[in-house]
Amino acid sequence: MFRLQGSKVLAVDVTGDAVKAKNGSMVAYDGQMAFKKLSGGGEGVRGMVTRRLTGEQMTVMEVRGHGTCWFADRASEINLVGLQGDKLYVESSNLLATDAGLRTGTTFTGLRGASQGNGLFTTTVEGHGQAAITSDGPAVVLRVSAQYPLTVDPGAYIAHQGNVRQSLQSGVTFRTLLGEGGGEAFQMRFEGDGLVYVQPSERNTIAGDA
C-alpha cells in the first residue's frame with residue numbers, strides 16, 4: 001500500500017480503505033477520493049485532553065476511495081516503518097502518514113524537553129500496517145540492546161520501537177562532556193531491545209539549541 005518514489009515522495013495505493021496523513025501533505029492524487037479533516041493529538045477523549053494540555057494544533061486528513069495519492073512534507077526524507085502488532089513512538093511533527101490498520105494515540109513521556117510544539121507527549125502508532133515518518137536528511141536506525149544502551153541528543157530524535165525503556169539524563173549534554181557548555185541540559189537514554197530513529201539535523205528544543 002505504501003511505496004516510496006524517490007526518497008521524498010510517498011505513494012499510497014488506496015483500494016477502499018482509508019489512509020491518514022498530515023494535513024496539507026498531499027501533492028497529487030488520481031482516481032476517486034473523498035477527504036475528511038480530522039483533529040490531531042490522538043483519537044477519543046484522551047486525545048482531546050492531550051491537545052488541551054500541550055496546545056498541539058496538529059491536524060490530520062483522512063483520504064478514502066480508489067486510486068493513488070502522493071504525499072510529501074517540505075522535501076523531507078521519508079522512511080517506511082512496518083508494524084506487526086507492536087508500537088511506534090514518534091514525534092508528532094515527524095509522522096507523515098499511517099494506513100488503515102494502525103491506531104494513533106498519545107503517551108506522556110516525562111519532562112524530557114520535547115521539541116517545540118510537541119509538549120511533553122509523544123504520538124503512538126500501533127497495530128498491523130505501515131507508517132511513514134519524516135526526517136531532516138536521511139534517517140539512521142540505531143539498535144538498542146541490553147549490552148549496549150543508547151544515548152541520543154533530543155534534537156536529533158525522531159522515533160523508537162521495540163521493548164525499549166526511555167529515560168532522561170538531566171544536567172548533561174554532549175557539549176558539556178566536551179567542556180563547551182550550553183545546549184540542552186539533558187540527553188535521552190534508551191535501554192532494552194529495539195530500534196531508535198535519529199536524523200542528521202538537530203531541531204530546536206525548549207531547552208535551547210544543540
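Tutor: Contact here means heavy atoms within 4.5 Å. Keep in mind that this is a predicted model.

Student: Leaving aside neighbours within four places in sequence, which residues is A97 in contact with?

Tutor: A97 touches F2, L10, V19, K20, A21, Q130, A131 and A132.

Student: How do I read a nonpolar core, and which residues have the most contacts inside the largest one?

Tutor: The general idea comes first. In soluble globular proteins, nonpolar side chains tend to be buried together. In this model, the largest nonpolar core has 15 residues, and L10, V19, F71 and A97 have the most contacts inside it.

Student: Which strands each supply at least two residues of this core?

Tutor: β2 (10-22), β4 (59-71) and β6 (95-99) do. The largest share, five residues, comes from β2. Another core lies apart from this one; it has twelve residues, including L83, V90, I133 and I158.

Student: Now charges. How many salt bridges are there?

Tutor: The criterion is a side-chain nitrogen of Lys or Arg within 4 Å of a carboxyl oxygen of Asp or Glu. The count comes to seven. Take D13 and R3: their side chains meet at 2.9 Å, N to O. D13 sits in strand β2 and R3 in strand β1 (residues 2-4), ten residues apart.

Student: What about D73?

Tutor: D73 forms a salt bridge with R74, with the closest N and O atoms 3.4 Å apart. K22, D73 and R74 are linked in a network of salt bridges.

Student: Is D73 buried or exposed?

Tutor: Buried means under 20% relative accessible area. D73 has 9%, so D73 counts as buried.

Note on methods: Residues are numbered from 1 along each chain as its sequence is written. This is a predicted model: local features need pLDDT of at least 70, side-chain atom pairs count only at pLDDT 80 or more; totals for chains, interfaces and linings use all residues. Side-chain values use heavy atoms; hydrogens and water are left out. A nonpolar core is a set of buried Ala, Val, Leu, Ile, Met, Phe, Trp, Tyr and Cys residues joined through side-chain atoms within 4.5 Å. Buried means under 20% relative accessible area, exposed over 50%, partly exposed in between (1.4 Å probe, protein chains only). Helices (H or I, at least four residues) and strands (E, at least two) are DSSP runs, numbered from the N terminus.
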